[in-house]
There are 2 protein chains.
Amino acid sequence: MGPKYSSSRENYLKAIFHLQEIHGTVTTNDVASEMQTRPASVTDMLKKLKAQKLLLYEKYKGFKLNTEGRKVALQIIRKHRLWEFFLVEKLRFGWDEVHEIAEELEHISSKKLIDRLDEFLGYPKTDPHGDPIPDSQGRWTLTRQVDLLNLPINQIAEVSGIGDQSAEILELLNHKHIALGTRLEVKKKFAFDNSIELKIKNQSPVTISEHVAKNVFVKYDE
Amino acid sequence: MGPKYSSSRENYLKAIFHLQEIHGTVTTNDVASEMQTRPASVTDMLKKLKAQKLLLYEKYKGFKLNTEGRKVALQIIRKHRLWEFFLVEKLRFGWDEVHEIAEELEHISSKKLIDRLDEFLGYPKTDPHGDPIPDSQGRWTLTRQVDLLNLPINQIAEVSGIGDQSAEILELLNHKHIALGTRLEVKKKFAFDNSIELKIKNQSPVTISEHVAKNVFVKYDE
DNA sequence: AATAAAATTTAGACAAATCTAAAAAATAAA
DNA sequence: TTTATTTTTTAGATTTGTCTAAATTTTATT
């Protein structure tokens, strides 16, 4: 088994990874504000991470994760998201209350544990927020899964699941020509009632309610 | 939610609780050897635990957990044993490989998590080693256990717990087909070395040493 | 280009948990 | 009851991660 890093180091790696993904480049101040700490503390940690060969860093010149740092970060993210999935799917937590708990669970070190958990959960591809879960080799599936309420406007996506399986919703979706595999995009979101206007290729726009939108899951590549 | 204690403090509370249960009284050296640390470190921690009102302590005069310390210790034990149960029952771990992982998991702080886990597991009463799991109020199910040395001759009993949980003893017991729930009786006790001859139904007699006998707990109807 | 502002780093401190070596107290042995 | 031994505690150091305040470097602005 690989070396063990402290929770604090793991948290820095994860934060840097996320900021790198979003902004391409990361600054000391970014990390400090992301981690609710002081820039001086970040500098201290950058040196340690560099000494541990997880980070490329030249002072005043910026920094970024190297291959090893990225690998570690991905394993933390994998653990975080698998635990979130577990909390929601098995322990009936709401998707909005699992983050804090997963922040602790992600630092449990056993690799065997996380691989067994993955298996137990049926190798989920995305966490309850729709974020992809890296596999045990740290590979992403670049597909995000979200419900229609959270699909960005003009993002073409493919219907991948229906939450509520009642005959009623299926009838409704059938009538609007929405089925598994249908490719569609959101054209407009109405703040008034959270209803949504969709466009399916070669068809005229259709509108669905918030209630329906919540139960239609789609996936798309980033 | 109650105050949060560091993993280290929690480990000390747990160790002191265990030693208190076994020996009635606990010494600095006991704790040091149980925790693989130095007596000086134990003294340092005793002061901290006293300052936190988890321990009654007068220097050179000994120490013991107070009500609050016992309460915290029981919650850690509850968490440890529920996680062990989870690992064995849901993730298919062997009962001899879960201790280390549970040592980490027991420090996850969320009380809601552990209560949900308890529910998910069906409110188990004992962990995979046969040790009782305290409920969320810290109450034991007081199953009286005797070790094999104290089991009367010809009294049929059921294996309910293993004291030392090292991989070595578990391997030995496994080889002799002694596991939780095994029904057996003591056929002979040898005064010379306190070894014991056991009989398990439909099997030929096996002999175990005093050392092993001391660590195998059984329950039986009187 | 010179100066002002912002970002980053250093210097020095602190808290938690641990350690070693030495001192103090309690216990056991002569 | 002295003396010897063991147990426990203190004193002072170390490591990790954090902080504040000051210094340095970079960047933006006259």
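**Sheet of chain B**

In this predicted model, chain B holds an open sheet of 6 strands in the order 3-8-4-5-6-7, with antiparallel pairing. Strands here are DSSP runs of E with at least two residues, and helices are DSSP runs of H or I with at least four residues, both numbered from the N terminus; two strands pair if DSSP finds at least two bridges between them. The edges of the chain B sheet are strand 3 (146–147) and strand 7 (206–208), each of which pairs on one side only.

Within this sheet, strand 5 (residues 183–189) and strand 6 (residues 196–200) of chain B run antiparallel and are joined by 5 bridges. Leu184(B) has Ile200(B) of strand 6 as its bridge partner.

**Basis of the values**

The model is predicted: local features need pLDDT of at least 70, side-chain atom pairs count only at pLDDT 80 or more, and totals for chains, interfaces and linings use all residues. Residues are numbered from 1 along each chain as its sequence is written, chains are lettered from A and ligands numbered from 1 in the order in which they are written, and side-chain values use heavy atoms, with hydrogens and water left out.

**Sheet of chain A**

Chain A also contains an open sheet of 6 strands, ordered 3-8-4-5-6-7 and paired in the antiparallel sense. Its edge strands, each pairing on one side only, are strand 3 (143–147) and strand 7 (206–208) of chain A. On average, neighbouring strands of this sheet are turned by 45° against each other, direction ignored; axes are lines fitted to C-alpha atoms, for helices over the stretch in contact, and angles run from 0 to 180 degrees between N-to-C directions.

Strand 8 (residues 216–221) of chain A is joined to strand 3 of chain A by 5 bridges, and the two run antiparallel. One of the residue pairs here is Val146(A) with its bridge partner Val218(A) in strand 8. Strand 8 of chain A also pairs with strand 4 of chain A, antiparallel, over 4 bridges, and Gly161(A) stands opposite Phe217(A) of strand 8. Strand 4 (residues 157–162) of chain A pairs in turn with strand 5 (residues 183–190) of chain A, antiparallel, over 2 bridges; Glu158(A) stands opposite Arg183(A) of strand 5.

**Interface of chains A and B**

Contact (heavy atoms within 4.5 Å) involves 21 residues of chain B and 21 residues of chain A. The two chains bury about 1,900 Å² between them, 63% of it on carbon and sulfur atoms; buried area is the accessible area (1.4 Å probe) that two parts lose on being put together, summed over both. Leu91(B), Glu104(B) and Arg116(B) supply 28% of the area that chain B buries against chain A, more than any other three residues.

The interface has 4 salt bridges, defined by a side-chain nitrogen of Lys or Arg within 4 Å of a carboxyl oxygen of Asp or Glu. Among them is the salt bridge of Lys112(A) with Glu97(B), whose closest N and O atoms are 2.9 Å apart. On the side of chain B that touches chain A, helix 4 (67–89), helix 5 (99–105) and helix 6 (111–120) of chain B are the elements that give two or more residues. Helix 6 of chain B provides the largest share, 6 residues.
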